[in-house]
Amino acid sequence: GCSHEGGSGCELGIACLPQPAIRSFIRRGPIRERPGRRKGGDLAKGGLKTTETCSACRGSGWLVETEDSVEAVVPCPECRPKEGLKKLFQKAAIPPRYFDRGFEEFFFERNSLQEKAQLRAIDYVEDFPNVPRGLLFAGPCGVGKTHLSVAILKTLIQEKHVQGQFVDEAELLRRLQYSYGPNSPETEREVMVPLSEVELLVWDDLGTGRPTDWVRETIRTVLN
């Protein structure tokens, strides 16, 4: 990924990965039960949305209901789902500079490979979780690889409540190397296990670092 995504001067390639799931890629993980997709959702607007204070519970998350003269405190059905989405977005660890990147903000020339890549990305979101494998976006800096990858992740969280995570390869390798030290706040297992448990993993800049045996083994462990 680069600091400027979505340019139209270069080509963006897209392919299916053999793993169910080198530059940006999408890997599908294990399936879990989730709420049904919200009807009327617009895939082109898969962004992180802000919400106003709930008028039912005034932001407390709880309601007082009375039945047979007995009062009981129950979860608010209006804002609790929104809180769940907020937690999913927080766990996704999407970099702040990509918070506003969705399908609607992805600009391209007509009949370009970037247009085809966006259509494939939207198809992937529509079909998820019934997708046989992951996606690979390949191309030079600035063509929109990270933009599209984040758009997929954000939309699947918003529309289908998918548990997903964004990972930058360089940052992940730094965390792993530091985890081997005596003063590390996390172990190697604590870094790696969450990546294997999410339903959708977005790995940015896959394979762009120095290809040592340790790096290859780390990538292989996560992908498999």
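1. By contact I mean heavy atoms within 4.5 Å. On that basis, and bearing in mind that this is a predicted model, Cys 79 is in contact with Cys 54, Cys 57 and Gly 61, once its neighbours within four places in sequence are set aside.

2. Staying with Cys 79: look for this residue in the loop between strand S4 (70-75) and H1. Its relative accessible area is 10%, and since buried means under 20%, Cys 79 counts as buried. Thr 53 sits 26 residues away from Cys 79 in sequence, yet the C-alpha to C-alpha separation is 8.6 Å.

3. The largest nonpolar core has 27 residues, and Ile 152, Leu 153 and Leu 200 are the ones that touch the most other members. At least two residues each come from helix H1 (80-92), helix H2 (113-127), strand S5 (135-138), helix H3 (145-160) and strand S7 (200-204). H3 gives the largest share, with 7 residues.

4. Leu 153 deserves a click in the viewer. Beyond its neighbours within four places in sequence, Leu 153 is in contact with Ala 92, Ile 94, Gly 164, Gln 165, Phe 166, Leu 200 and Val 202. Another core, of 14 residues, lies apart from the largest one; its members include Leu 176, Val 198, Leu 201 and Val 222.

5. Now the outside. Trp 62, Val 64 and Val 73 make a nonpolar surface patch of about 310 Å². Of these, Val 73 is found in strand S4. Val 73 has a relative accessible area of 56%, so this residue is exposed, the cut-off being over 50%.

Terms used: Residues are numbered from 1 along each chain as its sequence is written. This is a predicted model: local features need pLDDT of at least 70, side-chain atom pairs count only at pLDDT 80 or more; totals for chains, interfaces and linings use all residues. Side-chain values use heavy atoms; hydrogens and water are left out. A nonpolar core is a set of buried Ala, Val, Leu, Ile, Met, Phe, Trp, Tyr and Cys residues joined through side-chain atoms within 4.5 Å. Buried means under 20% relative accessible area, exposed over 50%, partly exposed in between (1.4 Å probe, protein chains only). Helices (H or I, at least four residues) and strands (E, at least two) are DSSP runs, numbered from the N terminus. Patches are made of residues with over 30% relative accessible area and no salt bridge: like charges are joined within 9 Å, nonpolar side chains (Val, Leu, Ile, Met, Phe, Trp, Tyr) within 5 Å. Accessible areas come from the Shrake-Rupley method with a 1.4 Å probe; for residues, only the protein chains shown count as cover. A salt bridge is a side-chain nitrogen of Lys or Arg within 4 Å of a carboxyl oxygen of Asp or Glu.
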